[in-house]
Amino acid sequence: MNKLEKQQRTLLMVFASLSIFLFAGGIYGWGPMQLLLEANGNFASLCNDDSESGNNSDTDNAICKDRTAAFLNCRFVSQLTFLSGTLWGILSDKYGKSVLVYGFALCNVFGLILLVVAIWFPAVSIIDSPCLYGAFVLMGLGSTVGGMLTVETGLLFVESSKTQNRVISLLNALFDAGAMTYLGLWGLEKITSTTFSEERNADDVNDETRKNLILIIGGYLLMAVVCTGGYTYFFQRINNKNISLIKDNHNKCADEDEEENKTNGIDQKQQITACELGGDDDIIANNHNEGVRTPQSTRKKNLPSSPSNDHQQHHCSYIRIAERSASDQLKSKAYVLMGIYFSFHTISNIWTLTTARDFLGDLGDDAHGNRYLSIFTLMTPISLLALPFLDIVMNRFGFHASLQVVNGLAIAHGIVKVCFKDLNLQILGFVCFTFFRCFLYAVTLSCVATFIGSSVIGRATGTL
């Protein structure tokens, strides 16, 4: 690898990390975003005259149930976009990985444009509701694609499977940490609104706060253009280079195989079964991820030269999952069980994130100015601290032990959440939940990438 290629890979990781952190995982930090929109007066038309102002007081929140329901519906609709993963996977497998990175950039940019419009016209219900729903549908699609890109970006690093797993783990940790993005926007709006309220009359506060919020979201939109644009450019460059390398290696291997067949007197029509390759551990090491065809010179010896030899080796008939047809790979026992496992934990994860504000509010967080909701969201970057432990568990003990760690963390979080009503003790549950999310996505997606073929990986990760 020359110096230019190293620089391109470094820049790819920089833009990928920023894009995944700031935009792919942002939608999971829904609580602060709801507070931000409530302060702006969005969905205020659903309330009575006393609460139309959209102020974020405890009284308004208690009275205006229709407004709270509208925000929950908006979040629910955005979650439905996660079901589009299979469609994105099909498009990726059919037209290439570039579909994902372009879709990620466009969905986030146009989603933020609609969000700016909704913030600018909160009192116009004919604009407010459609723009908010449209914005979070698009950003939900962007989040779905972003989760898939954590795997596809990792697979671009074809040097070794260990490097791929580490890149996937890092991007998934940043995906989790991205939930604090909206908290940062909310905190910035709160600081600037306080400054405006001290300097201006009360009648001018709402207008000035809204204009300031437009500037904040506008800056966020500009960052989306720069980060996703850079991500798209370097992703495309490296992906095209890998495709060229794969084609060259394939042609080289084909020539070597043809020459060796002629030398050994083997008919080219005699195909080498996957079983005959299955005993060689070197061949199993993620060649499907790298897209490199293994030359015959590295394969098992004693190749079949006659039907009698084929008959003698008939007892070995196992075909690796990555070498099966697309439908057989997706119906394999390993993938189906992984899908059930991942779905169960993902439902728990999404439920916790969606109801965090209401759950903590029921425990008395509203009386503390949503302090513990802020702590819950700020805990998400702690997932980066879990990466060394994640790397040790996966590399030393394997995926089976890593999956059991996910179960243990989920159980620990559930016990704290259900058994303790003290908000201070809930912080312990926040830590368990953050580590749980880090392990869940990194372990599951890395595991799937090791046994699913490269031509089906898009559908496989998209369905999950």
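Mentor: One term before we start: buried means under 20% relative accessible area, exposed over 50%, and partly exposed in between, with a 1.4 Å probe and protein chains only. This is a predicted model, where local features need pLDDT of at least 70, side-chain atom pairs count only at pLDDT 80 or more, and totals for chains, interfaces and linings use all residues. Residues are numbered from 1 along each chain as its sequence is written, and side-chain values use heavy atoms, with hydrogens and water left out.
Trainee: OK, is Tyr441 buried or exposed?
Mentor: Tyr441 counts as buried, at 8% relative accessibility. Phe175 is buried too, with a relative accessible area of 4%.
Trainee: And how many helices and strands does the chain have?
Mentor: There are 21 helices and zero strands. Those are DSSP runs numbered from the N terminus: helices are H or I with at least four residues, strands are E with at least two. Of the chain's 464 residues, 50% count as buried.
Trainee: Switching topic, how many aromatic pairs are there?
Mentor: The count is 10. Rings of Phe, Tyr and Trp (its six-membered ring) pair if their centres lie within 6.5 Å; planes under 30 degrees apart are stacked, over 60 edge-to-face, and the rest tilted. Phe175 and Tyr441 have ring centres 6.3 Å apart and planes at 45°, so that pair is tilted.
Trainee: Which residues do ring pairs link into a cluster?
Mentor: Phe376, Phe430, Phe433 and Phe436. Both Phe376 and Phe430 are buried.
Trainee: Now helix 5 and helix 6, what's the angle there?
Mentor: Helix 5 (residues 85–95) and helix 6 (residues 98–120) pack at about 135°, with axes 9 Å apart. Axes are lines fitted to C-alpha atoms, for helices over the stretch in contact, and angles run from 0 to 180 degrees between N-to-C directions. Helix 5 is therefore oblique to helix 6; under 35 degrees counts as roughly parallel, over 145 as roughly antiparallel, 65 to 115 as roughly perpendicular, and the rest as oblique.
Trainee: Which residues make the contact?
Mentor: Trp88, Leu91, Ser92 and Tyr95 of helix 5, with Val99, Leu100, Gly103 and Cys107 of helix 6. Contact here means heavy atoms within 4.5 Å.
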